[in-house]
Amino acid sequence: MTSRPMTSRPMTSRPMTSRRGILSAAAGIVFCGCGLTGAAHARTPPARPPRVTVRGKRVRTVDVHAHCIFRDAAVLLGDKAPPEFSAVRNSKDAYIVIDERLKAMDAMGIDMEVLSINPFWYGQDRDLAAKVVKLQNEKLAELCAAKPDRFAAFASLTMQDPELAARELETAMKKQGLRGAAIGDAVAGVEFSDPKFHSLWAKAEALGAVLFIHPQGMPELAGRLKGNGWLINTVGNPLSTTIALQHLIFEGTLDRFPGLKIIAAHGGGYLPSYAPRSDHACFVSPPGCDPNIKLKMQPTQYLRQLYFDALVFTPEALRHLVAQVGVSQVMLGSDHPYIWEQHPLDNVLATTSLSDVQKSAILGGNAARLFGLKA
């Protein structure tokens with residue numbers, strides 16, 4: 001069977017309407033993506049039918065990689081606010097009305113976004129970070145409650161203090177209706193495989209929380225990543241994710257917590273592209289591996305218990321990702337509103353190696369199952 005492809009239209013741009021009066025349910029919200037620039041998020045994709053079908057059957061599309069920040073968080077941080085907030089202070093176009101966000105989602109054929117906030121607070125004082133996290137989780141919960149058919153969200157966590165983070169996660173899941181948590185790829189140079197995080201992973205496993213790993217780049221490689229091509233993001237971000245996942249695998253974290261539900265951004269970085277090399281490492285160089293860590297499976301097999309967004313840009317790249325990790329582990333991701341992928345559905349629908357059932361699963365079925373979304 002083949003899918004009925006959506007019609008692709010030439011990309012045009014128009015500035016989003018800028019207003020200070022934002023819906024009360026999301027006052028002070030600003031939507032942004034990885035490395036936000038004012039020019040990037042001020043564009044809306046061309047109009048498309050909001051209803052998506054595969055072979056005439058309605059498919060609810062769920063984007064698990066979409067971002068937002070809140071202006072009030074910048075107020076809390078003051079002069080410690082990160083660069084992404086400068087657009088909020090300096091450009092009125094950074095304040096996006098929720099109605100405009102929904103129009104942009106409709107234009108891309110996205111029914112629901114699972115919102116996340118990239119962790120800009122890991123380097124802050126623990127108490128200040130906790131205030132930022134509390135504010136953000138409250139606002140995310142408020143927004144999702146106001147638009148439950150269009151938005152779900154990952155909580156923020158104060159990862160500098162794993163015990164506090166575990167309590168924040170429990171509050172987010174049990175009282176605020178959030179679906180899990182968005183985390184970086186490391187905290188202050190400490191990998192998530194470190195035993196200090198074991199209590200947090202145990203809590204996440206017990207709660208059934210979904211953890212979305214989003215990279216923070218490789219600042220230690222800033223010198224080598226200078227120059228043309230925005231390599232600190234183009235190379236640094238997928239490399240960060242790759243390293244984080246490899247540590248979770250090789251240090252035995254995924255054996256210790258087999259029930260963890262982890263989504264890796266950007267298709268899992270480079271790991272799925274060259275995963276079989278991992279299976280050979282300890283045989284080729286035993287001194288490079290800890291003899292006290294006995295993995296229960298080959299490293300590549302752990303990819304089948306992780307989840308990945310489909311933000312890999314081409315049908316061939318998506319075909320390979322699915323072949324490596326399994327179609328049940330892949331779900332839609334756009335990085336919206338940053339314009340890495342303005343037509344996230346198109347590559348899924350154009351991947352001829354996928355059946356209609358598989359395409360529907362990636363577009364929304366897998367996410368609906370993972371997050372327990374109501375039909």
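A salt bridge here is a side-chain nitrogen of Lys or Arg within 4 Å of a carboxyl oxygen of Asp or Glu. This is a predicted model, in which local features need pLDDT of at least 70, side-chain atom pairs count only at pLDDT 80 or more, and totals for chains, interfaces and linings use all residues. Residues are numbered from 1 along each chain as its sequence is written, and side-chain values use heavy atoms, with hydrogens and water left out.

Let me start with the salt bridges. The count by that rule is 12. One of them joins E170 and K203, at 3.3 Å from N to O. E170 is in helix α6, residues 162-174, and K203 is in helix α7, residues 198-207, so this pair ties together parts that are 33 residues apart in sequence. When I say helix or strand, I mean a DSSP run, numbered from the N terminus: H or I of at least four residues for helices, E of at least two for strands. For accessibility, buried means under 20% relative accessible area, exposed over 50%, and partly exposed in between, with a 1.4 Å probe and protein chains only. By that scale E170 is partly exposed at 24%, and K203 is partly exposed at 26%.

Next, E113 and R101. Their closest N and O atoms are 2.8 Å apart.

R58 is partly exposed at 32%, while D111 is buried at 10%. There is also a network of salt bridges that links R126, D127 and D161.

Now the strands. Two strands pair if DSSP finds at least two bridges between them. Strand β11, residues 210-213, pairs in the parallel sense with strand β8, residues 180-183, over four bridges. V210 in β11 is the bridge partner of G180. β11 also pairs in the parallel sense with strand β12, residues 261-264, again over four bridges, and here I213 has A264 as its bridge partner.

Which way do the side chains of β11 point? V210 and F212 point one way, L211 and I213 the other, and all are buried. In a regular strand the side chains alternate between the two faces of the sheet.

One polar contact, meaning a pair of N or O atoms within 3.5 Å; within protein, one must be able to donate a hydrogen and the other to accept it, and residues adjacent in sequence count only if both atoms are side-chain atoms. The side chains of H65 and H67 make such a contact at 3.0 Å. H65 lies in strand β4, residues 62-67, and is buried at 0%.

Last, the backbone. Most residues other than glycine have a negative phi, and most peptide bonds are trans. The bond from H336 to P337 is cis, with omega near 10°. P337 lies in the loop between β14 (330-331) and α13 (344-349). D335 is in the loop between β14 and α13, has a positive phi of about 70°, and is buried at 0%. W230 has a phi near 50°; W230 is in the loop between β11 and α8 (231-234) and is partly exposed at 36%.
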